[in-house]
Amino acid sequence: MTPFDGQISRRRLLSGAAALAGGSVLSGCAPGARGSTDELSYWHLMSGGDGIVMAGLVDAVNAMNAGFRAEQTVLAWGAPYYTKLAMASAGGRAPDLAVMHASRIAGYAPGGLLEPWDVELLAEVGVHERDFPPLVWQKGVYDGKLYSIALDTHPFVLYYNTQHAEKAGVTDTIATMDSPEQFIEVAAKLQNITRKHGLSYGYLGDPAQMWRLFYTFYRQTGAELKLVPGMKAEADQAAAVKVLDFVRSLLNDTIATRSGDGGTAVSEFLHGESGLLFGGVWELPVLKASKMPFDAMPIPALFGQQAAYADSHTFVLPRQSRTDPERRRHTYQLVAELLKRSVTWAEGGGHIPAYQPVVKSPEYLALKPQSNYVGIPAYVNYDPDVWFSGAGSDFTNYFAENLQNVYLGSGDPAAGFDGFVRRLNKLLDRPQPV
């Protein structure tokens with residue numbers, strides 16, 4: 001399918017010439033006029049605490065009375081959201097603005113489901129490439145055009161109980177761990193304090209959790225996973241086996257439980273029954289609400305180099321059959337104002353703002369432990385750029401199908417990883433379905 005280039009020229013946007021009537025959108029999301037105010041339809045998948053924070057940000061922007069109002073539509077996270085967004089874009093009846101995980105751009109931009117951003121108009125509303133970490137900005141670029149603008153980076157990190165660490169005498173060591181052996185030593189000392197586990201890590205029935213930890217350590221070895229449609233996957237089996245052997249050594253029912261799920265891991269850590277927790281920054285609100293003594297940091301470079309699995313919530317322009325220049329300009333203004341207020345997003349959800357003027361602000365630097373892991377975007381590792389990967393896709397399911405038994409201790413790491421690669425190769429042989 002030939003990519004749809006629905007970008008409106010900056011000249012047309014600025015002059016307001018050739019304004020077109022907006023097409024209808026999905027039921028319940030049709031924009032309506034309120035005097036001279038544009039009603040912008042904005043779809044996202046933020047629920048729970050993130051949803052509350054996002055609603056507050058939108059309300060703050062709407063209160064500016066800048067000639068537009070954003071009307072939010074919150075859809076179910078994961079496959080339901082991305083399916084509805086694809087259908088709306090394919091029909092040209094999409095919202096003015098939507099949130100998309102950075103890891104999904106490779107599956108949407110090539111098929112013409114997204115429209116590129118006009119970087120000159122972005123600059124007019126105060127958004128520039130220089131305002132973003134290079135890896136984060138580049139993740140939104142496809143075929144030389146910018147298709148997404150990151151709101152944040154949300155990585156996998158290491159939490160630790162500061163009280164247990166002090167009692168175990170490992171507070172300073174935690175900050176400088178640089179080998180698998182040292183990590184195991186620290187975890188063992190913490191287990192002596194908790195008398196249950198040194199580490200909490202939940203993965204059972206959660207393919208994404210399995211993948212996040214594996215990919216973090218796999219990339220720390222310097223290994224890559226290159227997936228190019230029509231070609232065989234390029235993967236490093238030796239590095240994968242090294243990492244899988246280490247993960248299995250942690251899941252020994254002493255350092256960490258062999259068969260824990262995500263909820264159990266967080267609960268165990270909250271109750272002081274472990275000293276360390278592997279988890280996403282999205283766990284931060286629950287941990288802070290508990291008032292327990294803890295801190296957070298990037299997962300230490302145990303295999304030679306810094307690496308961290310992460311994704312980003314990004315803003316995208318879904319394909320529309322017809323667009324109005326003034327309405328589109330208001331959409332750009334909406335995104336700019338949300339970015340400029342993203343310290344609230346960091347405070348409420350633990351995410352790292354992508355917009356660097358916010359990251360460098362005193363307000364953000366004062367946030368703890370959020371600012372402790374602010375350096376991760378400099379070496380962030382997103383999912384491989386391929387149409388079948390990314391948040392809410394089946395990509396991590398393919399990993400779990402082949403590797404969960406390895407985590408449980410009954411599977412062979414080499415055979416499991418080879419099975420995963422074979423599954424990837426079958427998908428790489430297929431044409432992109434969009």
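**Reading burial, core, strands and rings**

User: At 1% relative accessibility, does Phe 214 count as buried or exposed?

Analyst: Phe 214 counts as buried, at 1% relative accessibility, where buried means under 20% relative accessible area, exposed over 50%, and partly exposed in between, for a 1.4 Å probe and protein chains only. This is a predicted model, in which local features need pLDDT of at least 70 and side-chain atom pairs count only at pLDDT 80 or more, while totals for chains, interfaces and linings use all residues. Residues are numbered from 1 along each chain as its sequence is written, and side-chain values use heavy atoms, with hydrogens and water left out.

User: Which residues touch the most other members of the largest nonpolar core?

Analyst: In soluble globular proteins, nonpolar side chains tend to be buried together. A nonpolar core here is a set of buried Ala, Val, Leu, Ile, Met, Phe, Trp, Tyr and Cys residues joined through side-chain atoms within 4.5 Å. The largest one has 59 residues, and those touching the most other members are Phe 183, Tyr 201, Phe 214, Phe 278, Tyr 407 and Phe 420. The elements that each supply at least two residues of this core include β8 (152-161), α10 (207-220) and β10 (276-280). Apart from it lies another core, of 58 residues, among them Tyr 82 and Trp 117.

User: Which strands pair with β8 over five bridges?

Analyst: Strands are DSSP runs of E with at least two residues, and helices are runs of H or I with at least four, numbered from the N terminus; two strands pair if DSSP finds at least two bridges between them. β8 pairs with β10 in the antiparallel sense over five bridges, with Val 157 opposite Gly 279, and five bridges also join β8 to the antiparallel β11 (residues 294-298), where Asn 161 stands opposite Phe 294. In β8, 10 of its 10 residues are buried.

User: How many aromatic pairs does a search of the whole structure find?

Analyst: A pair of aromatic rings is described by the distance of the centres and the angle of the planes. Rings of Phe, Tyr and Trp (its six-membered ring) pair if their centres lie within 6.5 Å, with planes under 30 degrees apart counted as stacked, over 60 as edge-to-face and the rest as tilted. The search finds 32 aromatic pairs. Phe 132 and Trp 137 have ring centres 5.3 Å apart and planes at 50°, so this pair is tilted. Trp 211 and Phe 214 are also tilted, at 5.9 Å centre to centre and 40° between the planes; being three residues apart in helix α10, they are separated by about one helical turn.
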